[in-house]
Amino acid sequence: MAISVARLPLGQLLLDAGLITPETLEVALSRQKWTRAPIGEILVSMGAVTRDDVLKVLAHQQGLPYLSREELPSSVPILKNLSPKYLRQNRVCPVAVEGSTLTVATSDPTNPLLLDDLRQSLGLRIKLAVAPEEAILEAIERTYGAGATSPLQRIVEGIRDEGLAPGEGEEDINQLRDMAFEAPVVRLVNLVIENAVTAEASDIHIEPFEDTFRVRYRIDGILFDQEAPPRRLQAAVTSRIKIMAELNIAERRLPQDGRIRVTLGGRRVDIRVSTIPTVYGESIVMRLLDRSSIFLPLEKLGFAETRHLFERLIVRPHGMLLVTGPTGSGKTTTLYAALDKINSPEKKIITIEDPVEYQLKGVNQIAVKPKIGLTFANGLRHIVRQDPDIIMVGEVRDLETAEIAIQAALTGHLVFSTLHTNDAPGAITRLQDMGCEPYLVSSVLHGVLAQRLLRRICAACRVAHTPDPADLRALGIAEALAETQPLFKGAGCDQCRGTGYRGRTGIYELFLINEEVRSLIVRKAPTGEIRRRATNELGMVTLREDGWAKAKAGITTVEEVLRVTQEEE
């Protein structure tokens, strides 16, 4: 019976790795009897192995990743309850914050108190990694040392305290406006935006709390804490962003929406700004739309065999095609890629969107403006009078929009749109719940594509990995099958900010509508029955099956597939 690596003594592991000889181990063990020192320290003092050798084997013994000096971040994440003194004393440093999980590097993975101490102090899930003591101390000094002030800290130091707590009334508004135009505040907000663009973030979240001012970037679909200005600068930062977005800085009781257009490093970036009042001030979210970036063609969106079936649907002369998924799952990008694929001088394409995210050459694009009555339904009603061949509706939100879109499909137009449903068959039930007649839905609907975005394994630090058996069972994969299939994960490096992931790809579930399915739609069959028929008899590849195929191909991890397909459980 094989013995687990975790149960083998360190000396035996060093011996098995060929780093020491049996004779050396015997001498070290005899010294340990009277010194009581750890075997690793004794072997290092004998010159038989280096400290790095011992740490690498310890990491292997504990089942933890090993990070070299180069793999530690150039600037470690700063957390409120972790002082530089604590980090230095315990030879530990934060590596990355991912959602509610903190990865920390330690030079003593056998310390039984470290994990509990960090969990209680931070209230986060802790993942350990092993790194050399000298590298950890260097990383701490780079961030907290005497000369380690960041650009943001240098800007903050130059902002005076006077006038940062405005009162009420007209004087308050004038004071806010003056603060927003001060050079340090302008540079501070510009730096937050520039850092987000550099990090390829999709959103910036700026949130005030009782005693903190929080800044987070959404990168590859996950929120990450960033270095934030002190709480005293909340009014100045909020006012600056609202002025840039042409919002009313005097109105702090109601939500507001605006837009900022900036050019950074030759790249034109449009920023959608949304503010809402909270207990401790206005919370701001900025959605970054990089106008200089080109949306990906269908061939690069992560489609497998599904792409050829999808391409057959988008060249139909008329009918309706829906793309479903939650917010931020890439639905609009897929539709843009489809329109680009079929765009030609012989076809007239009109879109109505909220907002227009990318500009397509040769396509008439309309942005909805509800304040003046230009809604999806109203705009779509006028679009059909423009003699289009293809219509794209940004989203079917209500019965009126759905009915006009169906009528357009019935009268010889090809209509693309999106819906918010968990899976492809669920789109049919969603339309029926809105009030659409089943016989009309069955007449015009050609297919439904459900999709999700999942993170790619970082190519720079990809390593072999054995997933948790419970995760495999949750995915519906037999452990015996997984053992014969090499799987991977990212160990974490500077290029992926220690997360092990970099970039995203799509997983897809294409539901084709045939005569059998049309009869199910007409008799209002429940979603479960339609889904079973689609998977068992029509061979529909589900989101999880497509995700497993990408995990087998080394593109993503089993854990990531489970994260984005939780509703299938």
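Let's start with helix H20, residues 515-522. Its buried residues are Val517, Arg518, Leu520 and Ile521. Look down the axis of H20: these buried residues fall within an arc of 160°, so they line one face of the helix. Keep in mind that this is a predicted model.

What do the buried residues of H20 pack against? Three helices are on the list: H16 (426-434), H17 (438-444) and H21 (527-536). Two strands are on it as well: S15 (445-457) and S18 (501-512).

Now the ends of H20. Asparagine 514 caps the N-terminal end. One of its side-chain oxygens lies 3.2 Å from the backbone nitrogen of glutamate 516. Past the other end, just after H20, comes lysine 524. Lysine 524 takes a positive phi, about 55°.

Next, the cysteines. How many disulfides does the structure hold? The count is 0. Take cysteine 458. Its closest cysteine sulfur is in cysteine 493, 3.7 Å away. A disulfide needs the two sulfurs within 2.5 Å, so that pair is too far apart for a bond.

Then cysteine 493 itself. Cysteine 493 is in no disulfide either. The nearest sulfur to it is that of cysteine 461, at 3.7 Å.

Cysteine 493 has 9% relative accessibility. The cut-off for buried is under 20%, so cysteine 493 counts as buried too.

To recap. H20 has its buried residues along one face, and a cap from asparagine 514 at the N-terminal end.

Methods: Residues numbered from 1 in each chain as written. Predicted model: local features only at pLDDT ≥ 70, side-chain atom pairs only at ≥ 80, totals over all residues. Heavy atoms only, no water. Buried < 20%, exposed > 50% of the residue type's maximum accessible area, 1.4 Å probe, protein only. Helix = DSSP H or I, 4+ residues; strand = E, 2+ residues; numbered from the N terminus. Arc of directions from axis to C-beta. Contact = heavy atoms within 4.5 Å. Polar contact = N/O pair within 3.5 Å; in protein donor to acceptor, adjacent residues only side chain to side chain.
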